[in-house]
Amino acid sequence: MERTVTLGSKSGLHARPAAVFVQNAKGFQSQVTLSKNDKTVNAKSILSVLTLGAEQGDQVVLKVDGDDAEVAIDKLALLLEGDLG
Amino acid sequence: MKVLRGIAAAPGLVIGNAYVIRPAPPVDVTAQRTVDTAVEITRLERATGQANARLDTLRSAASGPTAAMLEAQREMVDDPELKEGSDALIAAGFTAEAAITRVTADYAEQLANLPDAYLAARAEDVREAGRRIVAELRGTSLEVRLDRAGSGHPRCGRRGWYACPDRRGHDSYR
């Protein structure tokens with residue numbers, strides 16, 4: 001499953017928001033990736049997610065593959081669109 | 001001229017230069033190699049687990065931005081890609097110290113090259129996560145007990161371990 005999301009977090013995917021997002025991604029069995037422009041990374045890796053350099057308003061593509069994909073994509077997309085703390 | 005008397009290990013007369021043996025200064029670990037891959041993978045797993053446990057303890061006593069920083073640091077130490085990359089380097093013959101230092105340095109460089117100044121500054125956090133694991137591999141930690149900071153080692157009085165005749169336990173005295 002795939003969904004394009006616009007990042008809502010004021011500070012983009014900085015350390016704290018990225019940690020929150022990655023922790024949530026790890027909570028799912030599914031394989032989760034996040035892409036920006038042509039770069040795709042493992043969404044369960046904070047180091048990789050940070051290297052995307054994603055900022056507020058950026059379009060990112062969330063891709064989820066696995067048994068809990070449907071629940072995962074809804075929750076993770078909602079997180080990315082929201083403030084993430 | 002200084003005369004030093006030693007113990008003869010063999011009969012005869014020898015003339016040459018005398019050397020004082022001291023522990024080696026800190027070395028660049030990134031070139032360290034090993035043939036014992038399985039041992040290094042286990043060491044790395046254990047060190048990562050210990051670093052995580054220590055960060056959990058620190059975080060439970062922290063609040064606000066400090067807690068957030070420690071949480072991000074814990075995610076970095078516990079990163080699955082960090083483990084995968086390090087295990088691959090260990091399999092290629094590097095020690096756990098070399099592998100973790102190389103992989104964290106690589107991520108740090110990628111972050112440092114980002115246009116976003118805040119993210120670029122996170123490069124140092126990534127290096128710190130690497131140093132944290134290396135410290136655990138050496139049987140110490142990155143944190144210094146407040147009552148020991150700057151006081152020097154109780155036996156030699158030095159703050160750096162590398163010139164100490166007794167390196168044991170030195171890293172907690174900086």
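User: How are α3(B) and α4(B) oriented to each other?

Analyst: Two packed helices are described by the angle between their axes and the distance between them. Helices here are DSSP runs of H or I with at least four residues, strands are runs of E with at least two, and both are numbered from the N terminus. The axes are lines fitted to C-alpha atoms, for helices over the stretch in contact, and the angles run from 0 to 180 degrees between N-to-C directions. In this predicted model, the axes of α3(B) and α4(B) come within 8 Å and cross at roughly 130 degrees. Angles under 35 degrees count as roughly parallel, over 145 as roughly antiparallel, 65 to 115 as roughly perpendicular and the rest as oblique, and α3(B) and α4(B) are therefore oblique to each other.

The model being predicted, local features need pLDDT of at least 70 and side-chain atom pairs count only at pLDDT 80 or more, while totals for chains, interfaces and linings use all residues. Residues are numbered from 1 along each chain as its sequence is written, and chains are lettered from A and ligands numbered from 1 in the order in which they are written.

User: In which hand does α3(B) pass α4(B), and which residues make the contact?

Analyst: A crossing is left-handed if the near helix is turned anticlockwise from the far one by less than a right angle, and right-handed if clockwise; α3(B) passes α4(B) in a right-handed crossing. Two residues are in contact if their C-beta atoms, placed from the backbone, lie within 7 Å. On α3(B) the contact involves Leu82(B), Gly85(B), Ser86(B), Leu89(B) and Ile90(B), and on α4(B) the residues include Ala96(B), Ile100(B), Val103(B) and Thr104(B). By class, the contact of α3(B) with α4(B) divides into eight nonpolar, three polar and one charged residue, where Ala, Val, Leu, Ile, Met, Phe, Trp, Tyr, Cys and Pro count as nonpolar, Asp, Glu, Lys and Arg as charged, and the others, Gly among them, as polar.

User: At what angle do α4(B) and α6(B) pack?

Analyst: The angle is about 175 degrees, with the axes of α4(B) and α6(B) 8 Å apart, and these helices are therefore roughly antiparallel to each other. Among the residues that make the contact are Ile100(B), Thr104(B), Ala108(B) and Leu111(B) of α4(B) and Val126(B), Gly130(B), Ile133(B) and Leu137(B) of α6(B). The contact of α4(B) with α6(B) has 13 nonpolar, three polar and two charged residues.

User: Which residues of α1(B) are buried, and against which helices do they pack?

Analyst: A residue is buried if 20 or more other C-beta atoms lie within 10 Å of its own, exposed if 12 or fewer, and partly exposed in between, with the C-beta atoms placed from the backbone. In α1(B) the buried residues are Glu40(B), Leu44(B), Ala47(B), Thr48(B), Ala51(B) and Leu55(B), and they pack against α2, α3, α4 and α6 of chain B. Over chain B, buried residues make up 29% of the 174 residues, and the chain has six helices and zero strands.

User: What separates Met69(B) and Gly93(B) in sequence and in space?

Analyst: Met69(B) and Gly93(B) are 24 residues apart in sequence and 33 Å apart in space, C-alpha to C-alpha. For Ala88(B) and Gly64(B), the sequence separation is 24 residues and the C-alpha to C-alpha distance is 37 Å.

User: What is the phi of Asn37(A), and where is its place?

Analyst: Most residues other than glycine have a negative phi. Asn37(A) has a positive phi of about 50 degrees although it is not a glycine. Its place is in the loop between β2 (31-36) and β3 (39-42) of chain A, and Asn37(A) is exposed, with 12 other C-beta atoms within 10 Å.

User: How many residues of chain A are in contact with chain B?

Analyst: In this model, 16 residues of chain A are in contact with 20 residues of chain B. The largest share of the side of chain A that touches chain B, five residues, comes from α1(A). The residues of that side divide into six nonpolar, seven polar and three charged.
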